[in-house]
Amino acid sequence: MKQAVIDIGSNSMRLTVYETTPPQIFRVLFKEKIMAGLAGYVEHNALSPDGIERAILGLLSFRATLSALDIKAVAVFATASLRNVKNTDQAVAAIQRATGYPIEVISGEEEAAFGYAGAMQELDLTEGLFVDIGGASTEVVRFTGGVMESANSCPVGSLKLYRDFVRKILPNKEAIHHMEKAITMATLGVVERPVRQGLPLVCVGGTARAALKLAKRVCRLPETSNSITIGQLDRVCQELCASQKQAADLILKIEPERIHTMIPGMLILRHMVQGFGAGRVIVSQYGVREGYLCQKILKAS
């Protein structure tokens, strides 16, 4: 059967349509995303009326697409976009009334677990670290023996950093310094946990995929590559932090829609790699939506 999953994230809203076969077999048929930037609509720790309307318009756009494709099985979940605001219940009720879609707001630990489960649908790894850098939060999982040992959600994301510390489109050196300090504070107690050095760090999400694209350009990696060495990651970060013009030229060529969040996201990724002493970064094309599909929908059917 055909199953649609919609993820209301802090930076982007994403729709993926799957062809599914029980128990846990799926194939991606169609993807669509809207860079809604909901984290930018948070005022006094509440999602503003404009932010709620932005989420509604995004879902209505997806609904029109699904209607045209005659897909009726739709699951909608929200992450930090609706989880980390004080008016969660009010915002969810308003969005549900306007769109007709029931919305599940998942916890940070659930988001981490679903992201890890999704990545493991593609990768065959038994030990390592998993990181999902979002717009308003970053999820971290430690796994050994093919089993998740711990799952944490850190209150820092690429769009949140941009909104808090960057005055123009790109950060200056002072803003980069303040963002690095904020990342350190937000990940206290998570990154400091001792782990075996040199483990692979599996990444999912838009920041990770964009980082891989930049590495392919800067380091001339093969198009088929799905991993970045630590040296290559450092080289990309140096390119982005050398000068605003150099960074703008690079991002606009490779990932223009992330012009304002690319550097904050890369700072988070670099901090995770350095803090855990990871050996390399592996980017998975699957993530939280695939994990949600397998763990919440296919497992229950």
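The model is predicted: local features need pLDDT of at least 70, side-chain atom pairs count only at pLDDT 80 or more, and totals for chains, interfaces and linings use all residues. Residues are numbered from 1 along each chain as its sequence is written, and side-chain values use heavy atoms, without hydrogens and water.

The protein holds 11 helices and 13 strands (DSSP runs: H or I, at least four residues; E, at least two; numbered from the N terminus). Of its 301 residues, 57% are buried (under 20% relative accessible area, 1.4 Å probe, protein chains only).

Helix H1 (residues 49–68) and helix H3 (residues 88–99) have axes that come within 9 Å and cross at roughly 35 degrees (lines fitted to C-alpha atoms over the stretch in contact; angles from 0 to 180 degrees between N-to-C directions). The contact (heavy atoms within 4.5 Å) is made by Ile52, Ala55, Ile56, Leu59, Leu60 and Arg63 of H1 and by Ala91, Ala94, Ile95, Ala98 and Thr99 of H3.

Gly37 lies in the loop between strand E3 (25–34) and strand E4 (42–43). Gly37 is buried, at 16% relative accessible area. Beyond neighbours within four places in sequence, Gly37 contacts Ser10, Asn11 and Leu159. The C-alpha atoms of Gly37 and Leu159 are separated by 7.4 Å, although 122 residues apart along the chain.

Note on methods: Buried means under 20% relative accessible area, exposed over 50%, partly exposed in between (1.4 Å probe, protein chains only).
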